[in-house]
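Have the viewer open as you read.

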Amino acid sequence: MSGTSGLGSTVFAERRRRHTLYFLEWAARQRPVHLDTEVDMTRVQRHRAAARERGERYAVVSYLLYATGRALARHPEANAVAATPWPAPLRAPRTVRFEGVTAKLALDRPVGPDAERTVLSALVPGLESAGLPAIQQRVERYAGRYAAELPEFQRVLKLGTLPALLGRALFGAALRDPRRRPDIFGTVSVSSLGHRPVDGFHSAGGTAVTVCAGQIAERAVVRDGHVVPAPVMRLGLTFDHRVIDGATAADVLGTLRHSLEDFDDGSWEDASRAHLRSTDHDLGSPGGLAPSPR
């Protein structure tokens, strides 16, 4: 619904993005702090090239998800969420830590007959142990133009059809119990704008840690005392200061960086493929496959 004012402007009633606006209202209670670093992606790019020669494709975000799952498993205090005390003056602040790592992957997808662009959040569970092939299958499920029509997104899109008061109430009720958060919001947020000319950015995804990746570009790095070109990606990390402190967040970012820069394309791959074959429900059914995103 829209209307035209007497000042030559048009007022639009947001519907497709209403779930995002409800989220931003809820997430305003976070206390975000931002860190970033640069990652030499030489090994990752080398592995991607070798996989393409074998007829396989891996998105950069799949490597990021793989590394994020291992990093959060190594730093469980960051795989957590702040539990809002109620009544606040009578209870001490609390956090809830989760055993498994579930990423909330931000997607920009067209929605509805007018193909309005909308941010949707896809859950990728089991990242503490999932192999790269299984993660890639899950990413491909959400890569197609019609990903917004998948059943897992229908409940959140329905919020745009409800009266605002009811929509806000339902959104808040779903998040009231922090123990349910992995199945709704995940335990860590991952976002990438590397398919755009974006070097770096930060966002707060409603989780204790949000990982943000920019584009991979050729930059000058120093190796053995010599300046050489290398594919470099800027990696941002936003953390909720209510849950962890800066030193812990810096450790998580350091683990992520080293996991990507020292990426091992050797023995782990055979093990992860065997795990994928033997565990059909590892990351859920991949559904119809679409071209891989970045």
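This report looks at ring pairs, charges over rings, and then a helix with one of its residues.

## Aromatic pairs

The model is predicted, and a search of the whole structure turns up five aromatic pairs. One of them joins Tyr58 and Tyr63: the ring centres are 6.1 Å apart and the planes meet at 75 degrees, which is over the 60 degrees needed, so this pair is edge-to-face. Tyr58 and Tyr63 are both buried.

Tyr63 also pairs with Phe263. Here the centres are 5.3 Å apart with the planes at 75 degrees, so this pair is edge-to-face as well. The pair brings together distant parts of the chain, since Tyr63 belongs to helix 3 (residues 60–74), while Phe263 is in the loop between helix 8 (246–261) and helix 9 (267–278), 200 residues apart.

How buried are the two partners? Tyr63 has a relative accessibility of 1% and counts as buried, because the cut-off is under 20%. Phe263 is buried too, with a relative accessible area of 6%.

Elsewhere on your screen, look for Lys104, which lies over the face of Phe185 at 4.5 Å from the ring centre.

## Helix 8

Helix 8 contains 16 residues, and the distance from its first C-alpha to its last is 22 Å, close to the 22 Å expected at 1.5 Å a residue.

Its buried residues are Thr248, Ala249, Val252, Leu253, Thr255, Leu256, Leu260 and Glu261. As a reminder when reading such a list, an α-helix has 3.6 residues a turn, so residues three or four places apart point the same way. What covers the buried residues of helix 8? The cover includes strand 3 (32–40), helix 2 (42–53), helix 3, strand 9 (209–223) and strand 10 (226–240).

## A look at Thr255

Thr255 has its place in helix 8. With a relative accessible area of 10%, Thr255 falls under the 20% cut-off and is therefore buried.

Which residues does Thr255 touch, leaving aside its neighbours within four places in sequence? Thr255 is in contact with Ala71, Arg74 and His75.

Key
Residues are numbered from 1 along each chain as its sequence is written. This is a predicted model: local features need pLDDT of at least 70, side-chain atom pairs count only at pLDDT 80 or more; totals for chains, interfaces and linings use all residues. Side-chain values use heavy atoms; hydrogens and water are left out. Rings of Phe, Tyr and Trp (its six-membered ring) pair if their centres lie within 6.5 Å; planes under 30 degrees apart count as stacked, over 60 as edge-to-face and the rest as tilted. Buried means under 20% relative accessible area, exposed over 50%, partly exposed in between (1.4 Å probe, protein chains only). Helices (H or I, at least four residues) and strands (E, at least two) are DSSP runs, numbered from the N terminus. A charge sits over a ring if NZ of Lys or CZ of Arg is within 6 Å of the ring centre and within 35 degrees of the ring normal. The expected span of a helix is 1.5 Å times one less than its number of residues. Contact means heavy atoms within 4.5 Å.
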